[in-house]
Amino acid sequence: MIEVDARGFSCPIPVVKTTQALDGHPGKPVIVLVDSEVARENVSRLARSRGYSVKVEQVLDGYRLQLAPAGK
Amino acid sequence: MRGLEIPHDPNLIVGFDSLDDAGVYRLTDDLAIIQTVDFFTPVVDNPYDFGRIAAANALGDVYAMGGKPVTAMNLVCFPSRSMDLAILRDILRGGMDKLHEAEVTLVGGHSVDDPELKYGLSVTGVIHPCKIVLNSGAVPGDSLILTKPLGTGIINTAIKAGMADEKAIGMVTEQMAALNRRASQLMQEVGVHACTDVTGFGLLGHACEMVQNNSIGIEISYSAVPIFAGSIEFARMGVVPGGAFRNKAFRAAMVEFAAGVPQWAPDILFDPQTSGGLLISTSPEKAKVLLEKLHYTDHREAAIIGEIVAEPKGKISVVE
């Protein structure tokens with residue numbers, strides 16, 4: 001599983017890191033860890049704009065976002 | 001300032017208790033001074049442009065009240081040990097050039113050593129006490145004009161992410177550095193009911209200030225709002241500054257979005273603006289005249305974006 005740890009970074013860095021992961025692994029599910037609501041919202045927007053579904057899970061130190069490509 | 005006692009002064013026309021853009025103090029029966037201060041960390045990479053933008057932004061509060069800025073003082077926080085002084089010189093040159101354009105005299109300033117670079121100015125303006133334009137005073141039936149496009153916060157975030165191209169950077173830089181001077185003079189010529197400038201709270205945040213403590217509401221048509229090319233795409237891609245989310249959370253109870261308004265609309269309408277345009281409320285007839293004059297004087301993107309309504313009071317409705 002491809003995992004992006006964007007905890008400790010403020011926007012727009014989590015979006016930049018997630019973009020790199022999506023570009024580097026087209027068609028693969030990606031897990032993104034963020035520690036702010038702003039990053040959660042922005043990464044969700046990015047993923048949806050690129051046709052991924054987003055599942056958000058609240059974890060101890062922030063949020064765990066599961067991005068899954070459409071149809072998988 | 002909450003919790004601090006501010007002594008009453010009868011000559012203080014606009015002070016802390018209102019949500020206005022600057023303080024106004026009556027000196028004589030026909031002269032008041034407008035005072036404001038604003039400074040921030042760089043919003044663009046080019047130091048000269050940063051200086052111009054910071055000066056245009058600081059002057060903005062005086063223009064929003066219909067006043068004439070007269071003098072200014074520089075405020076500088078500079079990491080002198082780690083940064084070349086030539087950078088500071090360029091920033092100050094940018095600020096000076098903007099003040100020159102605005103016919104404002106620089107009278108001094110103050111600098112401190114700070115690991116994080118910041119620049120801005122305190123500005124003093126003058127106005128006749130009877131001619132002050134407040135952010136309250138709009139009446140139902142008024143048209144609402146916005147003089148500059150929205151999206152500077154989003155584009156600035158895209159610049160930080162390395163996603164904005166040179167054209168977008170150039171466009172947003174020129175808009176942020178553009179003075180609201182002419183727009184302010186025109187609104188005084190035509191006559192308006194209320195005005196504020198759109199800055200850190202975003203369009204909807206400042207619109208909320210216009211209806212707060214007034215028995216009016218505002219209806220804004222999101223499709224009529226001028227927006228920077230590219231900012232809708234950036235919002236969809238999640239390049240939205242944290243300030244936009246904070247602005248939205250702060251005013252959630254006052255703003256209602258009609259069904260079918262796309263997700264990017266609140267992102268852009270709450271996007272914090274640097275040196276944004278004037279948000280002006282005036283009668284529909286005068287709004288038409290003012291808009292024509294604005295279009296004629298380089299404010300080509302100025303538009304009527306909504307109207308003041310009697311109901312629901314204290315609310316902003318965003319519609320198609």
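Let me start at the salt bridge that joins the two chains, where the side chain of D267(B) meets the side chain of R45(A), with 2.7 Å between N and O. Please keep in mind that what we are looking at is a predicted model. Side chains of opposite charge can pair when their charged atoms come close.

The largest share comes from α2(A), which gives six residues. Sorted by class, the side of chain A that touches chain B holds five nonpolar, two polar and two charged residues.

How many residues does each chain bring to the contact? Chain A brings nine residues, and chain B brings 14. Together the two chains bury about 1000 Å² between them, and carbon and sulfur atoms give 62% of that area. On the chain A side, the residues that lose the most area to chain B are P12(A), V38(A) and R45(A), which together make up 51% of what that side buries. Along its principal axes, the C-alpha trace of chain B spans about 55 × 55 × 45 Å.

The domain assignment divides chain B into domain 1, covering 12-131, and domain 2, covering 143-319. The contact between them takes 24 residues from domain 1 of chain B and 21 residues from domain 2 of chain B. The C-alpha centres of these two domains lie 22 Å apart, and the domains bury about 1900 Å² between them, with 52% of it on carbon and sulfur atoms.

What polar pairing is there across this interface of domain 1 of chain B and domain 2 of chain B? The rule finds eight residue pairs in polar contact, with both residues at pLDDT 80 or more, and the count of salt bridges between the two domains is two. In one salt bridge of chain B, the side chains of E174(B) and R52(B) meet at 2.9 Å, N to O.

On the side of domain 1 of chain B that touches domain 2 of chain B, α1 (47-64) and α2 (85-101) of chain B each supply at least two residues. The largest share of that side, 10 residues, comes from α1(B). By class, the residues of that side divide into 12 nonpolar, four polar and eight charged.

Finally, over all chains the structure holds 20 salt bridges. One that I would like to show you is formed by E103(B) and R181(B), whose closest N and O atoms are 2.4 Å apart. This pair links distant parts of the chain, with E103(B) in the loop between α2 and β5 (105-113) of chain B and R181(B) in helix α5 (residues 181-190) of chain B, 78 residues apart.

Conventions: Residues are numbered from 1 along each chain as its sequence is written. Chains are lettered from A and ligands numbered from 1 in the order in which they are written. This is a predicted model: local features need pLDDT of at least 70, side-chain atom pairs count only at pLDDT 80 or more; totals for chains, interfaces and linings use all residues. Side-chain values use heavy atoms; hydrogens and water are left out. Domain bounds come from an automatic or database domain assignment. Contact means heavy atoms within 4.5 Å. Buried area is the accessible area (1.4 Å probe) that two parts lose on being put together, summed over both. A salt bridge is a side-chain nitrogen of Lys or Arg within 4 Å of a carboxyl oxygen of Asp or Glu. A polar contact is a pair of N or O atoms within 3.5 Å; within protein, one must be able to donate a hydrogen and the other to accept it, and residues adjacent in sequence count only if both atoms are side-chain atoms. Helices (H or I, at least four residues) and strands (E, at least two) are DSSP runs, numbered from the N terminus. Ala, Val, Leu, Ile, Met, Phe, Trp, Tyr, Cys and Pro count as nonpolar, Asp, Glu, Lys and Arg as charged, and the others, Gly among them, as polar.
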